[in-house]
Amino acid sequence: MPILTESIGSIPRPAELQEGLKAFAAGDIGAKELEILSRRALLNTIRSLEETGSPVITDGEQTKPSFATYPIQGMRHLDPNGVVIPFEDGHTRRLPRITAGPFRYQMHAVDFFNTARSLTTSPLKQAVISASALSLLYPAEGIAGYSLESFTQDLLDEQEKDIRDCLDAGVHNVQIDFTEARLSLKLDGSKGLLRSFIDLNNRVLERFTDAERKKIGVHTCPGGDHDSTHSADIEYSELLPLLFGLKATNFYLEYAGEKNKQEVLRVLKESILPGQRVFIGVIDVLNPRIETPEEVRDLVLEAVEYIPLSQLGTTDDCGFSPFADDTSTSREIAFAKIRVRVEGTKLAERALEKTQVAV
Ligand SMILES: [Zn+2]
């Protein structure tokens, strides 16, 4: 039985594109010049991902400002002083907040998908940002003339469209980025915030049929920015039993970076529901050391002791560069690690075939 393996999504942008983005922001180059740089980065990334032997690829999020903010890029009525996300190393990322309604995405994930589709025939996966992450854009004090209820309705409609358009366009599958799941437990130990996030995301997922939900997954991790995390100190046993209550099929979990893997596997086994599949991270994206295929194989063989093979896959712990300006990992290292994941997953497949023959 083939063991499925997929990336999370982002690949570090080439230096040329990084420079171009800065020059564009400063007004030194125009949209056309930036478009040429973006297109070149995209094509190069797609070819490089194909060369890793990956059965499913992404566009490397080359033209996304970040995994979370593409729907609001260029939006008017934004105030930069929104929710702050603190990372372990002391740096922060700050979300903006909206100052007026109605809430409409400036661009949808299918725009990225269609551009990538024109450059490759390989199966393509598309990441979208969760409704729960974007719910943080609504200010706590409210907006005159635009209630939280109206905002939530607009948000749910927009996220449904973000996913549905990709399904209609022939995406291999959609991954909802839900990095704030683990973070929410740090912000609210009572789990009330996590429960409200899951409820909100389920209100979107319930709009899809069972067949459609087979192509919908969720990624969660302790954050990965400038090689630092925001919530790695929260135990998986706090998160996973609730997380698998999401009405999605595929779950992409940070795992390689976990210290007590046996305990994670035990909680996973208890939490995963029939019909769901977990892709465990076998590549640590925060560590520049390139794993060996044998290490990846061994992680899979250990996991199979707990999770049936039909419900198991492999992935990377996170995207390699969720924010466009994060250059903490080189492209070469990212592609090398992905190649190792693909090779190591195949090694595990062969080892398991051999034991089956022996039995
Ligand atoms: Zn992540």
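**Notes on a predicted model**

1. Lys 191 lies in the loop that joins H6 to helix H7 (192-205). Keep in mind from the start that this is a predicted model. The phi angle of Lys 191 is positive, about 70°, although the residue is not a glycine. Is Lys 191 buried or partly exposed? Its count is 15 C-beta neighbours inside 10 Å, so Lys 191 is classed as partly exposed.

2. Glu 61 also deserves a look at its backbone. Its phi is near 50°, a positive value in a residue other than glycine. Find Glu 61 in the loop between H2 and strand S2 (78-79). Glu 61 has 27 other C-beta atoms within 10 Å. A residue counts as buried at 20 or more, so Glu 61 is buried.

3. Next, a peptide bond. Which form does the bond from Gly 101 to Pro 102 take? It is cis, and omega is near -5°. Pro 102 sits in the loop between strand S5 (97-98) and H3.

4. Helix H3 covers residues 109-117, and helix H5 covers residues 148-168. Their axes are 8 Å apart, and the packing angle is about 20°. Angles under 35 degrees count as roughly parallel, so H3 and H5 are roughly parallel to each other. On the H3 side, the contact is made by Ala 109, Val 110 and Phe 113. On the H5 side, Asp 162, Asp 165 and Cys 166 take part. By class, this contact has four nonpolar residues, two charged residues and no polar ones.

5. How do helix H6 (residues 180-187) and helix H9 (residues 236-243) cross? Their axes come within 10 Å and cross at roughly 125°. H6 is therefore oblique to H9. The crossing is right-handed. H6 brings Ala 181, Arg 182 and Leu 185 to the contact. H9 brings Glu 238, Leu 239 and Leu 243. By class, the contact of H6 with H9 has four nonpolar, no polar and two charged residues.

6. Turn to strand S6, residues 125-129. How many of its five residues are buried? Five of the five are, and the strand is described as mostly covered. Both faces are covered. Lys 125, Ala 127 and Ile 129 are buried on one side. Gln 126 and Val 128 are buried on the other.

7. S6 has a partner. Strand S7 (residues 173-177) pairs with S6 in the parallel sense, over five bridges.

8. Last, Ser 38. This residue is in helix H2 (residues 31-51). There are 19 other C-beta atoms within 10 Å of Ser 38, so Ser 38 is partly exposed. The cut-off for buried is 20 or more. Which residues does Ser 38 touch, leaving aside its neighbours within four places in sequence? Ser 38 is in contact with Leu 17, Gln 62 and Thr 63. Take Thr 63 as one of these contacts. Ser 38 and Thr 63 are 25 residues apart along the chain, yet their C-alpha atoms are separated by 6.2 Å.

Methods:
Residues are numbered from 1 along each chain as its sequence is written. This is a predicted model: local features need pLDDT of at least 70, side-chain atom pairs count only at pLDDT 80 or more; totals for chains, interfaces and linings use all residues. Axes are lines fitted to C-alpha atoms, for helices over the stretch in contact, and angles run from 0 to 180 degrees between N-to-C directions. Helices (H or I, at least four residues) and strands (E, at least two) are DSSP runs, numbered from the N terminus. Angles under 35 degrees count as roughly parallel, over 145 as roughly antiparallel, 65 to 115 as roughly perpendicular and the rest as oblique. Two residues are in contact if their C-beta atoms, placed from the backbone, lie within 7 Å. Ala, Val, Leu, Ile, Met, Phe, Trp, Tyr, Cys and Pro count as nonpolar, Asp, Glu, Lys and Arg as charged, and the others, Gly among them, as polar. A crossing is left-handed if the near helix is turned anticlockwise from the far one by less than a right angle, and right-handed if clockwise. A residue is buried if 20 or more other C-beta atoms lie within 10 Å of its own, exposed if 12 or fewer, and partly exposed in between; C-beta atoms are placed from the backbone. Two strands pair if DSSP finds at least two bridges between them.
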